[in-house]
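I'll jot down what I look up as I go.

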Amino acid sequence: MPNAIKHVLFILVPLIAVFAVLPGLYQNHLLLFNFVTFLILAQGVNIIYGFTGYLPFGYVGFFGAGAYGFAVLVMHYQSPALVAVLAAGLVGVLLGLLLTPLLRLSGAYFAIANLAASLAVLHLVANPALEGITKGPYGVSLTGTFNPSHAYDAALVVLTLTVGGVVFLKNSSFGLALQAVREDSVSASMAGVNVVKMRIAAWLASALVAGLAGGIYAWYVSVFYPDNVFSGEFSIFAIVFALFGGVATISGPIIGVLILYGVYNLIGFTTPQYFQLIYGLLIMGLVLFLPAGLVSLATRRGWHVP
Amino acid sequence: MSPDTKPILSVDKLVKRFGGFVALDGLSFHAAPGEVLGLVGPNGSGKTTAINVISGLYAPDGGEVAFDGEPIGGIASHKLVHRGINRTFQVPKPFMSLTVRENVRVALAYGHIGGTPPALDALLDEYRLDAVADRPAADLNSAQQKMLDLVRALATRPRLLLLDELAAGLNPAELHWIAERIKQLAAGGMSIIVVEHLMGFIEHITDRVIVLNAGREIFEGKLAAAVKEPQVIEVFLGGEHAA
């Protein structure tokens with residue numbers, strides 16, 4: 001059996017099946033929706049960071065832009081929610097295109113510039129002068145499209161496509177070439193790889209994923225402010241979850257979200273007073289002892305982790 | 001080179017500056033199919049810069065590089081790879097976290113347009129990498145990493161191959177072995193340019209050498225003749241040795 005089919009059967013299918021069944025068994029649908037959102041975002045970070053090495057500290061910029069893309073279409077054009085979600089993905093891609101010059105930077109410089117870019121988008125959207133378009137800092141209310149269960153289903157579809165995309169990257173020469181670019185861009189070009197094109201492709205794919213997730217988030221919550229959908233927490237969480245599990249794998253970011261976001265909520269429910277302490281220690285432990293993520297526990301022993 | 005063979009590569013009055021430093025100062029030479037050409041010269045004479053310009057890493061600041069009679073100066077590396085130029089690096093640059101096999105697969109998948117790619121396992125076998133094929137490139141010793149660099153280049157079926165100090169750090173048995181491989185590649189019609197400090201190795205494999213000093217050629221011909229040339233002796237050993 002080819003690896004790609006194995007990865008779909010043993011990772012993608014069970015994951016989607018569990019999250020499709022859970023809403024019938026568990027009452028807190030918002031929590032489940034948040035899990036799905038972070039699964040999507042962590043895989044989005046995986047695509048750009050795991051496969052090309054660019055750390056997107058301002059990843060939330062695409063998410064927030066997607067949310068507002070959704071809102072603008074619904075408010076001004078009375079679009080059906082699905083059309084608005086697709087538009088949200090497009091907004092993510094367009095913002096990604098606009099920011100492609102950032103790919104000239106590397107390492108911390110890229111991370112900082114990306115963070116600055118996301119703040120710039122936030123302040124553009126939240127500008128009172130744009131109240132006629134985005135409602136500025138006063139937030140949007142999209143009661144017309146409010147339908148959490150459809151939004152949840154849409155999130156599952158996007159999660160399927162995103163994880164499917166990562167399965168493709170993990171099993172194709174395209175994904176291999178991306179990793180080659182991450183390892184050594186000069187050697188990659190001498191292997192015949194168009195380095196610039198590859199980086200842009202991964203960047204836009206990653207932006208698309210976050211844009212779609214943002215649009216669906218807007219659909220689900222229906223009332224939000226710029227500070228909600230551009231909250232730096234989305235970037236940080238998505239990055240920490242992906243790193244905790246281990247990037248450049250299919251399962252790493254999934255494991256990361258399930259464990260860390262699970263623990264996050266567990267602490268939040270049981271001992272909220274120790275929340276930041278416990279969470280902080282957990283992340284410090286990760287950075288100190290498992291910089292390559294949980295999956296490195298297995299890869300260190302020579303086991304292959306998909 | 002016989003006079004009727006058309007050069008595959010001609011470098012004409014090539015200039016490359018880095019700020020105020022002139023690394024190539026009007027370098028001219030040519031290479032023919034099936035020929036092993038040596039580029040020799042003291043450190044800083046522009047050998048590696050010449051290779052970097054020919055392989056598209058740097059755009060030239062003046063002069064011209066022509067491959068198959070067409071100017072290629074300033075064309076992106078991956079496009080030159082598709083046309084049939086490839087190289088190895090002085091410090092080998094494999095994709096460290098990928099396995100040896102994956103390293104070569106990238107080049108097989110992206111390195112050439114049309115035609116059948118060379119067989120991966122045969123290539124690994126031929127360059128003694130079969131035993132480590134599924135290990136990450138980071139686990140390889142430096143000689144093996146050099147071979148991986150070479151195999152990555154060969155996987156793209158180059159017609160012009162630039163070898164930047166491939167022999168440095170190899171033991172005598174490996175040197176002898178790789179020299180035979182290089183000669184065989186050239187016998188198959190490949191044009192090979194070798195940058196090297198090991199004169200014995202150069203003597204053994206090259207048909208012709210270009211001696212560089214301060215970014216331009218000062219001698220062209222057999223290595224045996226080069227060492228009798230006063231200007232070459234002066235550059236390598238200092239003025240008092242030149243008779």
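**Entry 1: two helices in chain A**

Which residues in α1(A) meet which residues in α7(A)? Before listing them, I note that this is a predicted model. From α1(A) I found Asn3(A), Ala4(A), His7(A), Val8(A), Leu12(A), Leu15(A), Ile16(A), Phe19(A), Ala20(A) and Pro23(A). They meet Tyr152(A), Leu156(A), Leu159(A), Thr160(A), Val163(A), Gly164(A), Val167(A), Lys170(A) and Asn171(A) in α7(A). I sorted the residues of this contact by class and got 13 nonpolar, five polar and one charged.

Next I looked up the geometry. Helix α1 of chain A covers residues 3–25 and helix α7 of chain A covers residues 148–171; they pack at an angle of about 165°, and their axes are 10 Å apart. That angle makes α1(A) roughly antiparallel to α7(A). I also wrote down that the crossing of α1(A) and α7(A) is right-handed.

**Entry 2: the sheet in chain B**

What is the strand order in the open sheet of chain B? I read off six strands in the order β6-β7-β8-β3-β9-β10 (chain B), with mixed pairing. β6 and β10 of chain B stand at the edges with a single partner strand each, so one side of each has no neighbour in the sheet. Neighbouring strands here are turned by 20° against each other on average, direction ignored.

Asn86(B) sits opposite Leu161(B) in β7(B). A helix packs on this sheet too, namely α1 (residues 47–54) of chain B, which touches β3 (36–40), β6, β7, β8 (191–195) and β9 of chain B. The direction of that helix makes about 145° with that of β7(B).

**Entry 3: two hairpins in chain B**

Strand β9 (residues 208–213) of chain B and strand β10 (residues 216–221) of chain B run antiparallel, joined by five bridges. Val209(B) is opposite Gly221(B) in β10(B). The two strands form a hairpin with two residues between them, and Ala214(B) in the turn has a positive phi of about 50°.

Then I went back towards the start of the chain. Strand β1 (residues 9–18) of chain B pairs with strand β2 (residues 21–31) of chain B, antiparallel, over eight bridges. I found Lys16(B) opposite Leu24(B) in β2(B). This hairpin has two residues between its strands, and Gly19(B) takes a positive phi near 60°.

**Entry 4: where the chains touch**

How many residues of chain B are in contact with chain A? I got 25 residues of chain B against 15 residues of chain A. On the chain B side, α2 (77–83), β6 (85–87), α3 (100–110) and α5 (142–154) each supply at least two residues. α3(B) gives the most, with six residues. By class, the chain B side has 11 nonpolar, nine polar and five charged residues.

**Entry 5: confidence**

Last, I looked up the scores. The predictor gives the complex an ipTM of 0.92 and a pTM of 0.92. Chain A averages a pLDDT of 94, with 100% of the residues scoring at least 70. Chain B has a mean pLDDT of 92, and 96% of its residues reach 70 or more. A reminder to myself: where pLDDT is low, the predicted coordinates should not be read in detail.

Conventions. Residues are numbered from 1 along each chain as its sequence is written. Chains are lettered from A and ligands numbered from 1 in the order in which they are written. This is a predicted model: local features need pLDDT of at least 70, side-chain atom pairs count only at pLDDT 80 or more; totals for chains, interfaces and linings use all residues. Two strands pair if DSSP finds at least two bridges between them. Helices (H or I, at least four residues) and strands (E, at least two) are DSSP runs, numbered from the N terminus. Axes are lines fitted to C-alpha atoms, for helices over the stretch in contact, and angles run from 0 to 180 degrees between N-to-C directions. Angles under 35 degrees count as roughly parallel, over 145 as roughly antiparallel, 65 to 115 as roughly perpendicular and the rest as oblique. A crossing is left-handed if the near helix is turned anticlockwise from the far one by less than a right angle, and right-handed if clockwise. Two residues are in contact if their C-beta atoms, placed from the backbone, lie within 7 Å. Ala, Val, Leu, Ile, Met, Phe, Trp, Tyr, Cys and Pro count as nonpolar, Asp, Glu, Lys and Arg as charged, and the others, Gly among them, as polar. pLDDT is the predictor's confidence in each residue, from 0 to 100.
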